[in-house]
Amino acid sequence: VDKVIYPPLIFLGIGAMTDFGPLIANPKSMLIGAGAQLGIFIAFILASVLGFSAAAAAAIAIIGGADGPTAIMVTSKLAPDLISAIAVAAYSYMALIPIIQKPLMKLLTTKKERAIRMKPLRQVSKLEKILFPVVVTLVVGLILPDSITLLGMLMLGNLMKESGVVDRLSTQAQNGLMNTITIFLGVSVGCKAKGSVFLSPETLAIIGIGLFAFILGTIGGLLVAKVMCLVTKGKINPLIGSAGVSAVPMAARISEDVGREYDPQNHLLMHAMGPNVAGVIGSAIAAGVLLACFA
């Protein structure tokens, strides 16, 4: 944890399990992933107002990205004494996505919008899937090098999967390596949850700000999706906006579940996966911005 080894390895496994096809087929969904990062930057302002240092506020704010490994990496570099509280908050809210997101989705969309059926996505070629991780790594690496530790590993894992020439390594990254690192990460972070640090009013403030950030991230994605729905004259179902947070694939499944409540034959899962994987990329980029500013 101190050497920040686990998060990049987890991103390698996530990349090996991720299909970027929906994002490539509908690149506009990147806007939803960007909108869902609203919670990170509003939470940073709130944490600063409440008296946290700039570095600690940045570490707390990243909870809004709904990405546990990213939160651990940023906290390890900016505020290592807060790692146990921030990790617990980040993973707790990822687990509580169905409880947190569904009321917000129903509050911010109409019944008519929730019943919108989207056209099937186009078929993405093998060449596009292989070029995508290479191009994203080069572009983001040149613009924001601080993001490349996580984003580069994410794209490496995806390239291993899509290339089809290292199946054994890809399978190991998806299963054995991912499971092992997850166990080690949980135990290591748990060992850092010392009572003198964890059981404090500061921890309650972190959990509260984290919830606020997560709610705002969901709202940001939904609002961007609603605007896109208006611009496209009803071709985009705003429910996929909640999937802009980077909890893959849980957030996309919630979009599917809520959509089918109003039309059992309406399947939004693949459409929601576009914003969902865009959220992963967005949270890694946001982490790079915060590290560049405060590390």
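User: Which residue forms a salt bridge with R117?

Analyst: A salt bridge here is a side-chain nitrogen of Lys or Arg within 4 Å of a carboxyl oxygen of Asp or Glu. For R117, the closest N and O atoms of the pair are 2.8 Å apart. The partner is D263.

User: What are the ground rules for these values?

Analyst: This is a predicted model, where local features need pLDDT of at least 70, side-chain atom pairs count only at pLDDT 80 or more, and totals for chains, interfaces and linings use all residues. Residues are numbered from 1 along each chain as its sequence is written, and side-chain values use heavy atoms, with hydrogens and water left out.

User: How many residues apart in sequence are the parts that R117 and D263 tie together?

Analyst: Helices are DSSP runs (H or I, at least four residues), numbered from the N terminus. R117 sits in the loop between α9 and α10 (126–143). D263 sits in the loop between α16 and α17 (269–294), so the pair ties together parts whose separation in sequence is 146 residues.

User: Is D263 buried or exposed?

Analyst: Buried means under 20% relative accessible area, exposed over 50%, and partly exposed in between (1.4 Å probe, protein chains only). R117 has 51% and counts as exposed. D263 has 14%, so its class is buried.

User: Where does the salt-bridge partner of E113 lie?

Analyst: E113 pairs with K226, with the closest N and O atoms 2.8 Å apart. E113 is buried, at 13% relative accessible area. E113 belongs to helix α9 (residues 111–114), and the pair ties together parts 113 residues apart in sequence, because K226 lies in helix α15.

User: How many residues apart are E261 and K106?

Analyst: Their side chains meet in a salt bridge at 3.2 Å, N to O. E261 is in helix α16 and K106 in helix α8 (residues 97–108), so the pair links distant parts of the chain; the separation is 155 residues.

User: Are E261 and K106 buried, partly exposed or exposed?

Analyst: E261 has a relative accessible area of 43%. K106 has 34%.

User: How many salt bridges does a search of the whole structure find?

Analyst: One part of the picture is a network of salt bridges linking K126, K161 and E162. The search of the whole structure gives a total of 7.

User: Which residue's backbone oxygen does the side chain of T109 reach?

Analyst: T109 is in the loop between α8 and α9. T109 is buried, at 7% relative accessibility. Its side chain comes to 2.5 Å from the backbone oxygen of M105.

User: What accessible area does the nonpolar patch have together?

Analyst: Patch residues have over 30% relative accessible area and no salt bridge; nonpolar side chains (Val, Leu, Ile, Met, Phe, Trp, Tyr) are joined within 5 Å, and like charges within 9 Å. Accessible areas come from the Shrake-Rupley method with a 1.4 Å probe, and for residues only the protein chains shown count as cover. Among the members is L127, in helix α10 and exposed at 55%. The patch has about 810 Å².

User: Which residues form the positive surface patch?

Analyst: Lys and Arg count as positive, Asp and Glu as negative; His and the chain ends are not counted. The place of a charge is NZ of Lys, CZ of Arg, CG of Asp or CD of Glu. One member, K235, lies in the loop between α15 (201–231) and α16 (250–262) and is exposed at 56%. The patch is formed by K28, K119, K233 and K235.

Terms used
Helix = DSSP H or I, 4+ residues; strand = E, 2+ residues; numbered from the N terminus. Polar contact = N/O pair within 3.5 Å; in protein donor to acceptor, adjacent residues only side chain to side chain.
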